[in-house]
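These notebook entries record what I looked up, element by element.

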Amino acid sequence: MDTYADLVFLGGRVVTVDAGFSVASALAVTGGIITAVGGQDDVAPLVGPGTRVVDLRGATLLPGINDSHLHGCAFGMATPPLSLDLGHPAVSSLADVAEAVREAVGRVPDGQWITGHGWDTGYLDECVSDPSRLPSRRDLDAVSPDHPVVLYSFSGHATWVNSTALELIGIDRHTVAPPGGAIVADEAGEPTGLLHEGAQSLVQNALPPLSRQERTDAIRSTLATLARLGVTSYTEPGLGPGGDGIMRGALGAETLEIYRRLLADGELTARLGVLLLPTGMASTAEEFARTLTALGESGASDPRRLAIHGVKIFADGIVPNKTAWMHEPYVGGGCGSLCVGGATDAERIAEIDAMIRHAHAAGHQLGVHVTGDRAIDTVADAFAAAMAEHPRPDARHYVIHGDFLTEHSMKLLAAHGFGVNMNPTIKWTVADMEEEFVGAGRAAYAWPYRDAIDAGVRVASGSDAPVTYPDWRQGVATMMLRESKAAGRVSGPEQRIGLAEAIRTYTIDAAWQDFADDWKGSLEPGKVADLCVLAGDLLTADPHDIPEMPVVLTVVDGQVVHNTLRD
């Protein structure tokens, strides 16, 4: 035999995710490429004296997981030890948050900013028992009168600060919020310490930007976590000038340069796709076009390891802040709006249309953050209009989140070969709380996986970390069960999908989003050896048990990056 395999797997469930979702029992890897898939007889001739043979002992071998929407640098910065963990179940009340801040005050030098991430009013006891009770600077002032405190919500669309931080930032009752933002005030007109959407930039502009070392450490932390989870590819959905004011610049242009350095140094242990972020919220089409042109070409030395796929645009906000643009009013009134520049709905529609048309004509893939049904229809219409004006056979534009996809939007996306990037772990997290904003019917419908797939839309899944923890196993379980995190209630059972469909959203269809489904995303000869091994038989597991099935081996490009499986 001229060429023996470097790595052979035997005795497991090899879930190929090929067109027929066929299941084999053995797989061979040579030079970072899958060279054989089948039974033991198919790989036996490839076993030589230097071949590493892994007995799976009934474990499940999958294509490496592709988290198609994950803020890598921000996730690293938002998790311990770089930030306080304020998500559920780490904290369960406003009092718990205050205690975590109090402990941090005792650890850090005088005057240093204290940061935390992950608070969610849907899991804070005081807010659950009284929905009108919101986090306030007064909750933090008693425990941190001297240290400025900035606490980011799980969604990234709201920030909670104390009085010291407000003073340093320069926010008082006379401060006018930036376009697309809100400074929450109490009955006396004084700021409460809550900032929504674009108003968060006031905080970011006051904070010292992340240093190169802090960014590097954050990304390294994320890469280590992803290796343990079996994630071999992810998309950074927005890096550029528009991200300089988000989480101390974690989404800024310098972060992309650090990724390039990690790639050059051999430290980038997951494949990375990037959307450029020319501008943030409330920008105009003119500003967007000017900044995008100034960014120029952003190629990489190894596009299979780091690729610039396209451009991100923000179209609206999110449902819990009532900033997603909806056809029907929220509970309590209001429909939200588009978040781009413009004084009227018509002007804002024209602006988003012009942005999409410009980026499409320039040859970019577009990923558009859009959550409300009216905003999604607007974006889908703009995609179709741009395609009609400048036909491109394989643009692969997609809506990001797509919480309330309509039948109209699905038909347009499917007809033009566009996609949607959904977030099952966000569905799991917010299913209970969304009812108070949009009512039971719309809350149950949110993230309509079944309808989208049946309509022929290509669906990829992502965690939106740090919004949720990047655990695809929980995502798969949620797509199959539609059960909520807090109460375990079923939310929209008619939108359930099967295991095979759920796995595709994290593998081959996520690879499609990356323009890479011809060389990754399934276990077929000739494709790269990006692999994830899950203890036990995933195909027969109770969906409730999937989140607890250990990832025991992760392989990227034929190289082991995580291993707790004994050969």
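Entry 1: Helices here are DSSP runs of H or I with at least four residues, strands are runs of E with at least two, and both are numbered from the N terminus. The model is a predicted one, in which local features need pLDDT of at least 70 and side-chain atom pairs count only at pLDDT 80 or more, while totals for chains, interfaces and linings use all residues. Residues are numbered from 1 along each chain as its sequence is written, and side-chain values use heavy atoms, with hydrogens and water left out.

Within α10 (residues 285–295), I noted Ala 285, Phe 288, Ala 289, Thr 291 and Leu 292 as buried. Buried means under 20% relative accessible area, exposed means over 50%, and partly exposed lies in between, with a 1.4 Å probe and protein chains only. The cover over the buried residues of α10 includes β17 (306–314) and α11 (345–361); contact means heavy atoms within 4.5 Å.

**Entry 2: strand β11.** Why is strand β11 described as largely enclosed by the rest of the structure? I found that five of the five residues in β11 (residues 149–153) are buried, so the strand is largely enclosed. Val 149, Leu 151 and Ser 153 are buried on one side, and Val 150 and Tyr 152 are buried on the other.

I then looked up the neighbours of β11, where two strands pair if DSSP finds at least two bridges between them. Strand β10 (residues 114–119) pairs with β11 in the parallel sense over five bridges, and His 117 stands opposite Tyr 152. Strand β12 (residues 158–161) pairs with β11 in the antiparallel sense over three bridges, with Trp 160 as the bridge partner of Leu 151. β11 and β12 form a hairpin with four residues between them, and Gly 156 in its turn has a positive phi of about 80°.

**Entry 3: strand β14.** I followed β12 onward and found that it pairs with β14 in the antiparallel sense over three bridges. Thr 159 stands opposite Leu 195 there. Seven of the seven residues of β14 (residues 191–197) are buried.

Strand β13 (residues 181–185) also pairs with β14, in the antiparallel sense over four bridges, and Gly 181 stands opposite Glu 197. β13 and β14 form a hairpin with five residues between them, and Gly 189 in the turn has a positive phi of about 85°.

**Entry 4: aromatic rings.** How many aromatic pairs does the structure hold? I recorded four. Rings of Phe, Tyr and Trp (its six-membered ring) pair if their centres lie within 6.5 Å; planes under 30 degrees apart count as stacked, over 60 as edge-to-face and the rest as tilted. The ring centres of Phe 383 and Phe 418 are 5.3 Å apart and their planes stand at 65°, so this pair is edge-to-face. Phe 383 lies in helix α12 (residues 373–389) and Phe 418 in the loop between α13 (407–415) and β20 (419–422), so the pair ties together parts that are 35 residues apart in sequence. Phe 383 counts as buried at 0% relative accessibility, and Phe 418 counts as buried at 2%.
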